[in-house]
Amino acid sequence: MASAVIDGYTPERGESKYELWRPIIRAQRRATLERVHQNLAKDWSQRLSELLPQGERIEFEGLGFESFGNLSETDSADCQSAVFTIKETEFGGFLLVSGELARSLVETRLGVASGGDRDQRISLTRIERAIVHEALNGMLASLSDSYHAAGIGSLAVIRHSERLKDTLLFVPQDYLVVLRFRLGPPASPMRVMLAASSSIINAVRDVVVVNGDHRGSSQIHDAAAAVPVEVDIVLGTWSVPIDDLLALKPGDSIVLPDGTDAWIAARTVRLGPVQVEFDGRRVLAEVKRRGRSNAGD
Amino acid sequence: MRKARVELSAVLSRLTVPMGILAALQPGDRLEVEPPIGADPIVRLVVDGKTVAVAAVSERDGRLLATIVRLGSEPGGRNSDEWQLRKKAAEAE
């Protein structure tokens, strides 16, 4: 079936059973992300106005989390996708249009009438795929502008991919943030799916409106408290000659410190010592004392 | 120049934590981190904040051992680890 990967979405399906590693998103962050993608849908509708059926607009449906394994298992050869990374981050993602929407874009661009039962259609020709890729590139340009404005970053390394499994960006167990869009009524098969590393939810800047009268209020405190900080649990450090570092290769083994003198660091700033235990799978880091230790600890 | 030395850090976990939670950490609080289901525990070898190698972590003869499995950073999608915080006070209740 064409575009199975993004068909059948209804907002009611947003509730799903608890899975241990499903990312959690705060309500304010969710609202910000939804606003970004609602505006993105408007941009796409304008940018693709000549390729969309008259009077039709791309609508944002909602946000959810799904594993890459689930998404790629239902991938269809009719879908057309583009893979992207985000500059100066390790985040990546892909944009995918359903086979139905791809066919519609091509038909509008070429000025040909719809052929009725699209399930009976043969695959897109090279020229038709080029038309869809051009549309995808335009959508990615809007996406890049939107993500840059939202603080996530501009897109880079854009390439087209026929199948999701060929993206090489994710492993099946990676949870992705999935944004769904549609053209037409709720049951329409003409759909767009945008999926990205769930880490991008931490990169979004929450927009908090603070009036002058409220300076020093709890709003500022709440906004500051919500700022995501990337921290490392560091077992130890070594001073290593560059020669030795360059000689490292897969298979080399290093004996690690036992975890009694580990610490938490934000970039290169040590925030405080922790006692680390490793049980073969889980890392347990117990805070030994608060506050920044002296440089050179 | 190749004799120059750099500081190599062994980073067992990389987390994204809201500043408010970080600021409120107290002695005895525990951060519990577990790799995603199906993924192996790893340690990142980091120079100046950049991951230069990813190693599998194992325990042998009571010692932690890192065996390099990949040079460069880990693939996209495994950037920040998932974590849970257990407050000391909550545990005592």
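# A tour of a predicted two-chain model

Start by selecting Val52(B), which is partly exposed because 19 other C-beta atoms lie within 10 Å, while a residue counts as buried at 20 or more. The model on screen is predicted, and every value in this tour is computed from it.

**Stop 1: around Val52(B)**

Show the strand that holds Val52(B): it is β4 of chain B. Leaving out residues up to four places away in sequence, Val52(B) touches Leu245(A), Leu45(B), Val46(B) and Val47(B). Gly72(B) and Val52(B) are 20 residues apart along the chain, but their C-alpha atoms are separated by 4.5 Å.

**Stop 2: the strands beside β4(B)**

Select β3 of chain B, residues 42–47, together with β4(B). These two strands pair in the antiparallel sense over six bridges. One bridge to find is that of Leu45(B), whose partner in β4(B) is Ala53(B). The two strands form a hairpin with two residues between them, and Asp48(B) in the turn has a positive phi of about 50 degrees.

**Stop 3: chain B as a whole**

Colour chain B by secondary structure. There are two helices and six strands, and their pattern along the sequence is β-α-β-β-β-β-β-α. Chain B has 93 residues, of which 34% count as buried. Among its contacts with a separation of 6 or more, 53% join residues 24 or more positions apart.

**Stop 4: where the chains meet**

Show both chains and select the residues of chain B that touch chain A. In total, 59 residues of chain B are in contact with 60 residues of chain A. On the chain B side, the elements giving two or more residues are β1 (5–18), α1 (19–23), β2 (30–33), β4 (50–60) and β5 (63–71). Which of these gives the largest share? It is β1(B), with 14 residues. Coloured by class, this side of chain B has 31 nonpolar, 14 polar and 14 charged residues.

**Stop 5**

Eleven strands form an open sheet, in the order β8(A)-β5(B)-β4(B)-β3(B)-β1(B)-β7(A)-β9(A)-β10(A)-β11(A)-β2(B)-β6(B), with antiparallel pairing. At the edges stand β8(A), residues 253–255, and β6(B), residues 83–86; each has a single partner strand, so one side of each is left without a neighbour in the sheet. From one strand to the next, the twist averages 35 degrees. Strands of a sheet pair through backbone hydrogen bonds.

Within chain A, β9 (residues 262–266) and β10 (residues 269–278) pair in the antiparallel sense over five bridges, and Ala266(A) has Val269(A) as its bridge partner.

**Stop 5: a buried strand in chain A**

Select β5 of chain A, residues 175–183. Nine of its nine residues are buried, so the strand is largely enclosed by the rest of the structure. Tyr175(A), Val177(A), Leu179(A), Phe181(A) and Leu183(A) point one way, and Leu176(A), Val178(A), Arg180(A) and Arg182(A) point the other way.

Then show its partners. β1(A), residues 58–67, pairs with β5(A) in the antiparallel sense over nine bridges, with Gly62(A) bridged to Arg180(A). β6(A), residues 191–197, is joined to β5(A) by seven bridges and runs antiparallel to it. In that pair, Arg182(A) stands opposite Arg191(A).

**Stop 7**

Select Ala195(A). Apart from neighbours within four places in sequence, it is in contact with Leu71(A), Gly93(A), Phe94(A), Leu176(A), Val177(A) and Val178(A). Ala195(A) is also one of the residues that touch the most other members of the largest nonpolar core, which has 54 residues. Another core, of 35 residues, lies apart from it and includes Val231(A), Val234(A), Phe278(A) and Leu64(B).

**Stop 6: a helix to finish**

Select α4(A), residues 126–149. Its 24 residues should span 34 Å at 1.5 Å a residue, and this agrees with its end C-alpha atoms, which are 34 Å apart. Buried residues in α4(A) include Ile131(A), Val132(A) and Tyr147(A). Just after the helix, Gly151(A) takes a positive phi of about 90 degrees.

Technical notes. Residues are numbered from 1 along each chain as its sequence is written. Chains are lettered from A and ligands numbered from 1 in the order in which they are written. This is a predicted model: local features need pLDDT of at least 70, side-chain atom pairs count only at pLDDT 80 or more; totals for chains, interfaces and linings use all residues. Two residues are in contact if their C-beta atoms, placed from the backbone, lie within 7 Å. Helices (H or I, at least four residues) and strands (E, at least two) are DSSP runs, numbered from the N terminus. Ala, Val, Leu, Ile, Met, Phe, Trp, Tyr, Cys and Pro count as nonpolar, Asp, Glu, Lys and Arg as charged, and the others, Gly among them, as polar. Two strands pair if DSSP finds at least two bridges between them. Axes are lines fitted to C-alpha atoms, for helices over the stretch in contact, and angles run from 0 to 180 degrees between N-to-C directions. A residue is buried if 20 or more other C-beta atoms lie within 10 Å of its own, exposed if 12 or fewer, and partly exposed in between; C-beta atoms are placed from the backbone. A nonpolar core is a set of buried Ala, Val, Leu, Ile, Met, Phe, Trp, Tyr and Cys residues joined through C-beta atoms within 7 Å. The expected span of a helix is 1.5 Å times one less than its number of residues.
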